[in-house]
Amino acid sequence: LEAAREATNAGIKACGIDQALNEVGEQIQEVMESYEVTINGTTYPVKSVRNLTGHSIGPYQIHAGKSVPIVKGGEASRMEEGEIYAVETFGSTGRGHVVEDMECSHYMKNFTAPHVPLRMPSAK
């Protein structure tokens with residue numbers, strides 16, 4: 001938990017107007033991977049999960065388009081004034097890669113779905 005907390009704090013400190021997102025990811029990875037965890041007498045390095053990211057947040061849209069990588073490389077676009085971001089860090093003692101197995105882990109509004117009125121005509 002300390003690795004994730006400190007990596008998140010490093011990512012937040014790296015954020016700012018005109019900051020390259022890949023540089024934020026580099027700072028996060030550097031802190032995350034400076035930690036080790038001992039489990040049952042065996043020491044494991046903590047790795048950033050390279051295929052999970054933070055993201056920009058827009059009005060009524062929790063995942064708004066820009067990704068905040070948690071490893072070096074990745075998206076080189078820059079943060080702009082007025083944008084809001086979720087700096088999310090994910091550490092692992094495994095391979096540092098998450099494999100989707102067809103189960104849904106979270107939900108989000110489909111912004112391209114057609115409008116369906118939820119109010120019944122008989123409701124007043």
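Colleague: Is Asp18 buried, exposed or partly exposed?

Modeller: In this predicted model, Asp18 counts as partly exposed, at 48% relative accessibility.

Colleague: Which residue does Asp18 form a salt bridge with?

Modeller: The partner of Asp18 is Arg78, and their closest N and O atoms are 4.0 Å apart. Arg78 is partly exposed, with a relative accessible area of 38%.

Colleague: Where do Arg78 and Asp18 lie?

Modeller: Both lie in loops. Arg78 is in the loop between strand S5 (67-68) and strand S6 (84-86), and Asp18 is in the loop between helix H1 (2-14) and helix H2 (21-32), so the pair ties together parts that are 60 residues apart in sequence.

Colleague: How many salt bridges does the count come to?

Modeller: The count comes to four. One of them joins the side chains of Glu83 and Lys66, at 3.0 Å from N to O. Glu83 sits in the loop between S5 and S6, while Lys66 sits in the loop between strand S4 (54-57) and S5, so this pair ties together parts that are 17 residues apart in sequence.

Colleague: And Lys66, buried or exposed?

Modeller: Lys66 is buried, with a relative accessible area of 16%.

Colleague: Which residues are linked with Lys66 in a network?

Modeller: Glu80 and Glu83. Together with Lys66 they are linked in a network of salt bridges.

Colleague: What about Arg5, which side chain does it meet?

Modeller: Arg5 meets Glu6 in a salt bridge, with 3.7 Å from N to O. Arg5 is partly exposed at a relative accessible area of 46%, and Glu6 also counts as partly exposed, at 30%.

Colleague: Which residues line the second largest pocket?

Modeller: The lining includes Leu1, Glu2, Ala3 and Ala4, and also Met32, Tyr35, Glu36 and Val37. Val46, Gly91, Ser92 and Thr93 belong to the lining as well.

Colleague: Which element gives the most to that lining?

Modeller: H1 does, with three residues. H1, strand S1 (36-39) and strand S7 (91-92) each supply at least two residues of the lining.

Colleague: How do the lining residues divide into nonpolar, polar and charged?

Modeller: Seven are nonpolar, three are polar and two are charged. Glu2 and Glu36 are in the lining, and Glu counts as charged.

Methods: Residues are numbered from 1 along each chain as its sequence is written. This is a predicted model: local features need pLDDT of at least 70, side-chain atom pairs count only at pLDDT 80 or more; totals for chains, interfaces and linings use all residues. Side-chain values use heavy atoms; hydrogens and water are left out. Buried means under 20% relative accessible area, exposed over 50%, partly exposed in between (1.4 Å probe, protein chains only). Helices (H or I, at least four residues) and strands (E, at least two) are DSSP runs, numbered from the N terminus. On a 1 Å grid over the protein atoms alone, a cavity is a set of points where a 1.4 Å probe fits but cannot get out, and a pocket is an open set with protein on both sides within 12 Å along at least five of seven lines; lining residues have an atom within 4 Å of a point.
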